Every structure is written in C-alpha cells, then in structure tokens.
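Here is a short report on one protein chain. Look at the structure first, then read on.

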Amino acid sequence: MATLKETLFEKIEAHRPRTTRLVKEFGNTVIDQVTIAQAIGGMRGIKSLVTDISYLDPMEGIRYRGYTLPEVFEKLPKPEGAEMPYVEGLWYLLLTGDLPKEEDMDELLTDFANRRTIPRYVWDVIDSFPSESHPMAILSAAVMVLQRESRFNIEYRKGVSKMEYWDSTYEDATNLLAKMPLIGAYIYNKLYHPENSHRYPDPSLDFGANFAYMMGKEKPYDDVARMYFIVHADHESGNVSAHTGHLVASALSDIYYASSAMINGLAGPLHGLANQEVLRWLQGLQEQMGGKVPSTEEMKDYVWKTLNNGQVIPGYGHAVLRKTDPRYAIQREFCLKHMPDDPLFKLVSKLYEVVPDILREHGKAKNPWPNVDAHSGVVQWYYGVTEYDFYTVLFAIGRSIGVLSNLVWDRALGYALERPKSLTTDMLEEMAGIK
Ligand code: CMX
C-alpha cells in the first residue's frame, strides 16, 4: 500500500506537465481584466490566483477537491461511533484529491501521532506571555518560534534541487499541523484554566479527540472539534489568511514563517476574529435586555442601532459568497440535533430571521446572508468554551489544514514569487481621463 507521501508524489508528477504547458503554450491567454474600483477596493474578485485544493462558488459555497461540504462530511472515514470524520482524512483528501480508504487511515493516524512532540522552548515562549495577551498573538509567536525546526531550510542550505522542495515542505507542514491542536489547547489552559496541569497527548486519539482531551472536554466535544476544524479548513486562495500564507511562502520563506503570518491575518475582525465579535455583540444585546429574551422588534432595533453607528453586523456578509454559507448551515444542523433549546442558539436563529432583510434595506452589503462566523461561537459556548477570545485560535487550527496543503503544492509546482505591479493615483486619474 502506498503511503500518503508516495501517493502525493505520483499526483505531483502527473500534475507538473499541466502547469508547465499552460505557462509555455498558453501563457498569453487573458483570464481577467482589472478596473480602478478593484485596484482601490482590495483587488476584489480579480482572477489571479491558482489552487486545486478548493473552489468557492458564490452561490453554492466551498468545494474541497470538488466535493461540497455535506459530501466531505459524508464520504470521509470516521472514527468508530463518531458523527464527524477524521481531520487526518481531510488532510489526505486536500493533498491528493482522493478520499482515503480505511487502510490509509492507520498509517495516517500513526504518522500524525508520531509528530506531536513539542520542544520545551515552545511551552516556555507561551508561558512568558502576559496573561492579558490575545491568544492569537501567542499562537502566532508559538508557531514562529518553531521555525528553527524547519526541514526545508536545512535542505535549501544544502542546495537541494527545486524539484525536491515539496518533500521537506511536506514534512514541515505535517509536523506543524500535527502540533497545532496541542499548542492551541496549551494556550487555552494557560490563559483560562491554569488549574489544568500540562497534559501530554494521547497517541491512541485522533486529531479531534486528542484536542478535546487536552482541552479537558468530554464527548461530543471531539466531534465538535472535528466539525469545526473541517469547516474552517479552506476557502480558496484569495481570503486574507490563505493569501497571506501563500504570499509569504512565495519568497521561499518556510511554512513556519508563512503560517505565523497567516495567523496574523486571520486575527482581524473583518476575517477570523468575527466569530468572537458575534458573541460580544450578542452579549451586548442580552445585557441591554437585562437577561430577557428580545422580541423580534427589539432585535431589529439593535441591528439598526449597530448599522446606524457605522458598524458592521458581525457574521454577516462575505467578499465572495452570495447566499447562506454552507459552513453556517452545517453548524446549524449540528445545533438543531444536539442543542435545539439552547438560548444562545435560539438568539442566533432569530438573528437569521431579521438580519438579511435589514441588510437588504440598508442597501450596502452585497451579501446579506450569514457566514461561518455567525454560528461557530454558539457551539463552542454550549460546550463550555466561553472564553470567546479563543475562538479564532480554533479557526486558525482548522485553516492551517488548507493553507499548509496549498503550500506543499505551491512548492511542488514551483509557483513564482508574488509581485503585482503598483500604480499611482495620478496614473489612475490619467487613465480615467480626468487629468
Ligand atoms: N454589516 C454592515 N455592513 C456591511 C456588512 C455587514 N455585515 N457586510 C458588508 N457591509 C458593507 C461594507 O462595510 C461596505 O460598506 P462601505 O461601502 O461603506 O465600505 C459595503 O457593505 C459593501 O461591502 P461588500 O462588498 O458587501 O463586502 P466586502 O467584500 O467589502 O467585505 C466582509 C466582506 C466579510 C468584510 C463584510 O461583509 C463584513 O465586514 N462582514 C462583517 C464581518 C464578518 O462577518 N467577517 C467574517 C467574514 C468571514 C471570514 O472571513 O471569516
């Protein structure tokens, strides 16, 4: 039976000629045009990145390697008795495009468990942070300090051929991914539950179950963790976190530099931090109501008040999506099954009834529907992770799966240093014919 790495190498060898041919024979084929509004407006929608790991259709939502999210959840292998699939299986799918078979899982699970050793200096760095630090800042630093472990840098200094870059990048990527849940759980315990003594991983547990164990959480938090990591894994290449990772790695910076940068991008309130913003904002509403469940009218007033203050409604809108995010829908389905009467879930459901109409009436947001962040905090809260500053760390662990698999393929296909061209405002005014 071929290992994941052997299967990946076969895929890489089969893929390379396609990319080479496209550049050599069809390099001048036009795929998009750029307007002034796009150049000033965050390059929104410009088709200029390539990835085969996932594709985001504005109406349908994300597909991982051609599979919709419901298909991913249905088709990936699951631990015995679990509702949600192995995260390790998603890693296999994103890297190879193939669904892992049961026999592939044994090798994968052992490989991941063997890579969970964390050098002592990582704990020391985490411990040295002030307890008021944001967990995303700590996570970024913890990943950064691991940079000295990079295999890629050792191979690069030895002068290894470009064609081999993917190999050490694969090793670095798998090493880091296997460690991410441990680092996340340690940060959680340090900041919020120092009474939890340091816990070593249990090698018999998979990615999601070991994370739950290290967080000190009972079942079904293992399934919550698997679901959470899988829904957040990838959203093609143009979002801030994925793009930052790709950009930094394009300078041949190793995956530790790239991942730390990706985490920093995810930490912004317009991106990954929106999940904690949703909870903070909802608690503002609850406080205003003095604990009473708001009526539909009271909720509408609160939404309008937020908009009239010039703020955004967190968890709503999207740069690409134009319908309810399937990542929202999957979490909602989970809640309907496991916590239908939870007051916070009810509040979130009520929001879903009022916000889209208001955003349409408000007339600015191109997408009035909820995104992934509108729902993720509620699930965590229900299972006792009420420290909402931590939610983006969970997002970052999940997002690492997609970003790291992209970085392996970036190296495999020799993607170039990113270097778009800038213009001045004078130049734009000349092009517009007003100067
Ligand atoms: N509430 C109020 N106004 C909103 C809005 C919302 N939820 N979503 C968009 N708008 C506004 C924008 O601020 C913008 O206003 P200006 O013209 O005054 O600048 C206008 O509508 C047009 O924006 P858009 O083209 O629809 O959306 P963008 O691509 O510029 O931004 C996003 C996308 C996600 C940043 C935006 O919808 C937003 O701020 N949402 C709230 C924060 C959030 O949930 N972020 C998480 C996204 C998912 C993720 O990456 O994790």
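The model shown here is predicted.

Two elements each give two or more residues to the patch, namely α2 (36-40) and α20 (425-431). Take Ile-40 as an example. This residue sits in helix α2. Ile-40 has a relative accessible area of 64%, so it counts as exposed.

Rolling a probe the size of a water molecule over the atoms shows where empty space is left. The second largest pocket has a volume of about 290 Å³. Helices α1 (4-26) and α19 (391-412) each give two or more residues to its lining. In total, 13 residues line the second largest pocket. Nearest its centre lie Lys-162, Arg-411, Leu-413, Gly-414 and Tyr-415. What classes of residue form the lining of the second largest pocket? Six are nonpolar, three are polar and four are charged.

**Salt bridges**

Side chains of opposite charge can pair when their charged atoms come close. The cut-off used here is 4 Å, from a side-chain nitrogen of Lys or Arg to a carboxyl oxygen of Asp or Glu. By this rule, the count is 23 salt bridges. The table lists some of them.

| Glu-171 | Lys-5 | 2.6 Å |

Start with the salt bridge between Glu-171 and Lys-5. This pair links distant parts of the chain. Glu-171 belongs to helix α9 (residues 165-192), while Lys-5 belongs to helix α1, and the two are 166 residues apart. Is Glu-171 buried or exposed? Its relative accessibility is 19%, so Glu-171 counts as buried. The cut-off for buried is under 20%. Lys-5 has 22% relative accessibility, so it counts as partly exposed. Both residues also belong to a network of salt bridges, together with Asp-111, Arg-115 and Asp-167.

Lys-300 counts as partly exposed, at 31% relative accessibility.

Asp-426 is partly exposed, with a relative accessible area of 39%. Lys-435 reaches 58% relative accessibility, so it counts as exposed.

**Buried parts**

Why is helix α11 (residues 221-231) described as largely enclosed by the rest of the structure? Because 11 of its 11 residues are buried.

Leu-344 gives another buried case, with a relative accessible area of 8%. Leu-344 is placed in helix α17 (residues 343-362). How far apart are the C-alpha atoms of Leu-344 and Leu-279? They are separated by 9.1 Å, although the two residues are 65 residues apart along the chain.

Technical notes. Residues are numbered from 1 along each chain as its sequence is written. This is a predicted model: local features need pLDDT of at least 70, side-chain atom pairs count only at pLDDT 80 or more; totals for chains, interfaces and linings use all residues. Side-chain values use heavy atoms; hydrogens and water are left out. Helices (H or I, at least four residues) and strands (E, at least two) are DSSP runs, numbered from the N terminus. Buried means under 20% relative accessible area, exposed over 50%, partly exposed in between (1.4 Å probe, protein chains only). On a 1 Å grid over the protein atoms alone, a cavity is a set of points where a 1.4 Å probe fits but cannot get out, and a pocket is an open set with protein on both sides within 12 Å along at least five of seven lines; lining residues have an atom within 4 Å of a point. Grid points are joined across faces, edges and corners, and a volume is the space filled by probe spheres set on the points. Ala, Val, Leu, Ile, Met, Phe, Trp, Tyr, Cys and Pro count as nonpolar, Asp, Glu, Lys and Arg as charged, and the others, Gly among them, as polar.
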